Amino acid sequence: MKKTILLALIVLSGTMAIAQSSKQVNWVYSAKKVADKTYEIHMTATIGGDYHLYAQDAGGDGPIPTTFNFTKSPLFALDGTVKEKGQIVKKFESAWNHNVNYYEKTVDFVQVVKLKSNVKTTLAGKVEFMVCNDKECLPPADVDIKVNIGG
């Protein structure tokens, strides 16, 4: 009985830590038409408290970089890679024993998408990310991406 309760507490505390990670970053997605059949998809992260979110190039081994994985579709093509717009911080972190790259407060990730015809569709996928502060790192989180484009 005691082992069952202890195991339940360990699982519950692990679940709470994972939930905390995604609660530290609020993601907002939007599409902006920039040319005929061409859209900028903005994936804006607002980072809570004193946490920071690692860049796509987090800087060496250690922190989990922010990674975008989009679901393939015959209706559109990704044009280039995801660009970062924000005030990047490059700093030595003793936890990783090297320089890392991250954002504080907010960062806008932008992916250009070109539709193959005049249709309405959805860009879907996931973003994986990790946040840390000066005291701790929370477990990485995966958050769904869903943005309507076209029309």
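## A pair across two strands

Ser-30 stands opposite His-42 in β2. Strands here are DSSP runs of E with at least two residues, helices are runs of H or I with at least four residues, and both are numbered from the N terminus. The model is predicted: local features need pLDDT of at least 70, side-chain atom pairs count only at pLDDT 80 or more, and totals for chains, interfaces and linings use all residues. Residues are numbered from 1 along each chain as its sequence is written, and side-chain values use heavy atoms, with hydrogens and water left out.

## The chain as a whole

The protein chain has 1 helix and 11 strands. Read along the sequence, the pattern is α-β-β-β-β-β-β-β-β-β-β-β. Of the 151 residues in the protein chain, 34% are buried. A residue is called buried under 20% relative accessible area, exposed over 50%, and partly exposed in between (1.4 Å probe, protein chains only).

## The sheet β1-β2-β8-β5

Strands of a sheet pair through backbone hydrogen bonds, either parallel or antiparallel. Two strands count as paired if DSSP finds at least two bridges between them. In this open sheet, 4 strands follow the order β1-β2-β8-β5, and the pairing is antiparallel. Its edge strands are β1 (25-35) and β5, each of which pairs on one side only. On average, neighbouring strands of this sheet are turned by 20° against each other, direction ignored. For such angles, axes are lines fitted to C-alpha atoms (for helices over the stretch in contact), and values run from 0 to 180 degrees between N-to-C directions.

β1 and β2 run antiparallel and are joined by 10 bridges. Strand β2 (residues 38-47) also pairs with β8 in the antiparallel sense, over 9 bridges. There, Thr-38 stands opposite Lys-114 in β8.

## Two residues with positive phi

Most residues other than glycine have a negative phi, and most peptide bonds are trans. Lys-37 has a positive phi near 60°. This residue is in the loop between β1 and β2, and the hairpin of these strands has 2 residues between them. With 25% relative accessibility, Lys-37 counts as partly exposed.

Lys-105 also has a positive phi, of about 70°, although it is not a glycine. Its place is the loop between β7 and β8. At 53% relative accessibility, Lys-105 counts as exposed.

## Salt bridges

Side chains of opposite charge can pair when their charged atoms come close. A salt bridge is counted where a side-chain nitrogen of Lys or Arg is within 4 Å of a carboxyl oxygen of Asp or Glu. By this rule there are 2 salt bridges.

Lys-114 lies in strand β8 (residues 106-115) and Asp-79 in strand β5 (residues 76-85), so the pair ties together parts that are 35 residues apart in sequence. Lys-114 is partly exposed, with a relative accessible area of 41%, and Asp-79 is partly exposed at 36%. Another salt bridge joins Lys-126 and Asp-144, at 2.4 Å from N to O. This pair links strand β9 (residues 120-129), which holds Lys-126, with strand β11 (residues 141-150), which holds Asp-144; the two residues are 18 residues apart. Lys-126 is partly exposed, with a relative accessible area of 40%.

## The sheet β6-β7-β3-β10

A further open sheet has 4 strands in the order β6-β7-β3-β10, and the pairing is antiparallel. β6 and β10 (131-132) stand at the edges with a single partner strand each, so one side of each is left without a neighbour in the sheet. β3 and β7 run antiparallel and are joined by 3 bridges. The bridge partner of His-52 in β7 is Glu-104.

## The largest pocket

A pocket is found on a 1 Å grid over the protein atoms alone: it is an open set of points with protein on both sides within 12 Å along at least five of seven lines, whereas a cavity is a set of points where a 1.4 Å probe fits but cannot get out. The largest pocket has a volume of about 320 Å³. Of the 20 residues that line it, the closest to its centre are His-52, Glu-93, Asn-133, Asp-134 and Lys-135; lining residues have an atom within 4 Å of a point. Grid points are joined across faces, edges and corners, and the volume is the space filled by probe spheres set on the points.

The elements that give two or more residues to this lining are β3 (52-54), β6 (88-93) and β7 (98-104). β6 gives the most, with 3 residues. By class, the lining has 8 nonpolar, 4 polar and 8 charged residues. Ala, Val, Leu, Ile, Met, Phe, Trp, Tyr, Cys and Pro count as nonpolar, Asp, Glu, Lys and Arg as charged, and the others, Gly among them, as polar.
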